[in-house]
Amino acid sequence: MSLRFEQFIKFTTDSVGLERTFRLFQAAVQILASFAIPFDLLLYTLSLSTGATPSSSSVRAILKALNQRLGLARRFFRLFRFLESFNAAQKLYSKLSSPEASRGEPRGFLVRAGPWLDVFARTFNGMYLLLEASTIVDALQIPGLAVWTPEWERTITVEAQRFWLFALVCGCLYNLLEIPLTMASMPPPELPASLATEKTAQSEKLDEKETEQLKRKSVEEFKEKSRLWKQQVSAKTYKLGRAATANALDILLPGSVVGWVKVQPGTVGLAMFVTTILTGMEVWERCGREVSGS
């Protein structure tokens with residue numbers, strides 16, 4: 001069995017990976033229901049398979065119901081994820097407020113503000129997940145079974161989305177701030193001292209041929225170190241940029257719910273589709289590392 005197929009199995013059986021998969025389906029359903037060309041193609045495909053042209057109103061009703069069911073299914077995968085967010089925020093806060101963190105070299109405001117943005121992002125995300133979890137019974141829409149009144153349920157849902165928006169903003173700022181800080185913390189390799197061939201030849205009494213060989217070896221070592229340094233910096237900045245882009249685009253989702261961002265449902269669906277791929281790549285890569293290490 002190939003490692004790629006094992007990685008796919010790992011991804012689709014992982015709770016986060018499966019939630020991302022359902023999110024991708026939900027985004028696709030919302031795009032189909034919101035844009036004319038994809039919707040017409042869906043109607044044409046259904047007419048070919050059934051032999052009759054279905055009613056557009058009935059198909060839209062089915063897509064709306066399917067969108068709601070997929071959203072509800074995703075909520076069960078993150079029902080207790082607020083514990084994970086609060087725990088991560090508490091650990092970061094303890095580390096930042098410890099006496100060891102206050103000692104050491106003096107740091108600038110941006111360097112000190114970055115980790116606190118991460119704390120705020122995780123805390124706000126925990127509040128979002130906690131409020132969302134409190135309405136899971138009401139979201140089942142079982143007659144006679146509810147925790148909140150309909151008015152309170154709508155209010156809590158909007159406030160949960162507001163906390164998610166705050167979390168996304170803080171997360172986006174943190175990732176953007178980490179890009180230059182990461183590059184500054186990983187300086188390029190220095191030119192080897194052995195390239196000072198004249199001094200080396202005099203101290204070690206090397207002839208011209210040996211000096212040239214030593215110089216060529218030093219240049220090759222320097223090129224290899226530079227290549228590895230570029231790979232490491234590119235990998236870290238790429239992941240930070242990817243996370244910042246996903247957070248920035250995801251702002252459209254809660255922003256449209258709380259009324260701070262005016263966008264059409266189709267635009268929300270497109271943003272959800274793109275960010276699902278971006279965030280799912282991190283889960284896919286983690287599953288690949290777990291498969292390779294097993």
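Phe120, Phe124, Phe163, Phe166 and Trp260 form one aromatic cluster, where rings of Phe, Tyr and Trp (its six-membered ring) pair if their centres lie within 6.5 Å, with planes under 30 degrees apart counted as stacked, over 60 as edge-to-face and the rest as tilted. The model is predicted, and local features need pLDDT of at least 70, side-chain atom pairs count only at pLDDT 80 or more, and totals for chains, interfaces and linings use all residues. Residues are numbered from 1 along each chain as its sequence is written, and side-chain values use heavy atoms, with hydrogens and water left out.

**Aromatic pairs**

- Across the whole structure, a search finds 10 aromatic pairs.
- Among them, Phe80 and Phe82 form a tilted pair, at 6.5 Å centre to centre and 45° between the planes.
- Phe80 is exposed, with a relative accessible area of 57%, whereas Phe82 is buried, with 14% (buried means under 20% relative accessible area, exposed over 50%, and partly exposed in between, with a 1.4 Å probe and protein chains only).
- Tyr128 and Trp164 form a stacked pair, at 5.2 Å centre to centre and 15° between the planes.
- Tyr128 lies in helix H7 (residues 109–134) and Trp164 in helix H9, so this pair ties together parts that are 36 residues apart in sequence; helices (H or I, at least four residues) are DSSP runs, numbered from the N terminus.
- Both Tyr128 and Trp164 are buried.

**A charge over a ring**

- The charged end of Arg60 sits over the ring of Phe39, 3.9 Å from its centre, the criterion being NZ of Lys or CZ of Arg within 6 Å of the ring centre and within 35 degrees of the ring normal.

**Leu140**

- Leu140 is found in the loop between helix H8 (136–139) and helix H9 (150–185).
- Leu140 counts as partly exposed, at 34% relative accessibility.

How values were computed:
Helix = DSSP H or I, 4+ residues; strand = E, 2+ residues; numbered from the N terminus.
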